[in-house]
Amino acid sequence: MAKVRLNSDEEIVRTIKEGLKKKGGYCPCRIGKDEKYKCICEEFRNQIADPDFEGYCHCKLYYKEKD
């Protein structure tokens, strides 16, 4: 199973979490409130499912480590 963790940079985590709160759980780095941008966004869920992907989500809140 893939390991997903928060970014180790606490300032980034705090900033993104504040943005999520202001936007009602939608990614603060994207325009609009589309269901696919609801955190954890569709793009990152697909990246989590990809065994070859390792890296950050779009807004850099989460990091997925390779299996």
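**Strand pairing and salt bridges**

Leu6 stands opposite Tyr62 in strand 3. The model is predicted. Strand 3 pairs with strand 1 in the antiparallel sense over four bridges, and strand 2 also pairs with strand 3 in the antiparallel sense, over two bridges. Two salt bridges are found in a search of the whole structure.

**Strands**

- Five residues lie between strand 2 and strand 3, which form a hairpin.
- Lys60, in the turn of this hairpin, has a positive phi of about 75°.

**Salt bridge Arg5–Glu65**

- Arg5 and Glu65 form a salt bridge in which the closest N and O atoms are 3.0 Å apart.
- This pair links distant parts of the chain, with Arg5 in strand 1 (residues 3–6) and Glu65 in strand 3 (residues 62–65), 60 residues apart.
- Arg5 is partly exposed, at a relative accessible area of 28%.
- Glu65 is also partly exposed, at 23% relative accessibility.

**Salt bridge Glu43–Arg30**

- A salt bridge joins the side chains of Glu43 and Arg30, at 2.2 Å from N to O.
- Glu43 belongs to helix 2 (residues 42–49), while Arg30 sits in the loop between helix 1 (10–22) and helix 2; the two are 13 residues apart.
- Glu43 has 36% relative accessibility and counts as partly exposed.
- Arg30 counts as buried because its relative accessibility is 16%, under the 20% cut-off.

Technical notes: Residues are numbered from 1 along each chain as its sequence is written. This is a predicted model: local features need pLDDT of at least 70, side-chain atom pairs count only at pLDDT 80 or more; totals for chains, interfaces and linings use all residues. Side-chain values use heavy atoms; hydrogens and water are left out. A salt bridge is a side-chain nitrogen of Lys or Arg within 4 Å of a carboxyl oxygen of Asp or Glu. Buried means under 20% relative accessible area, exposed over 50%, partly exposed in between (1.4 Å probe, protein chains only). Two strands pair if DSSP finds at least two bridges between them.
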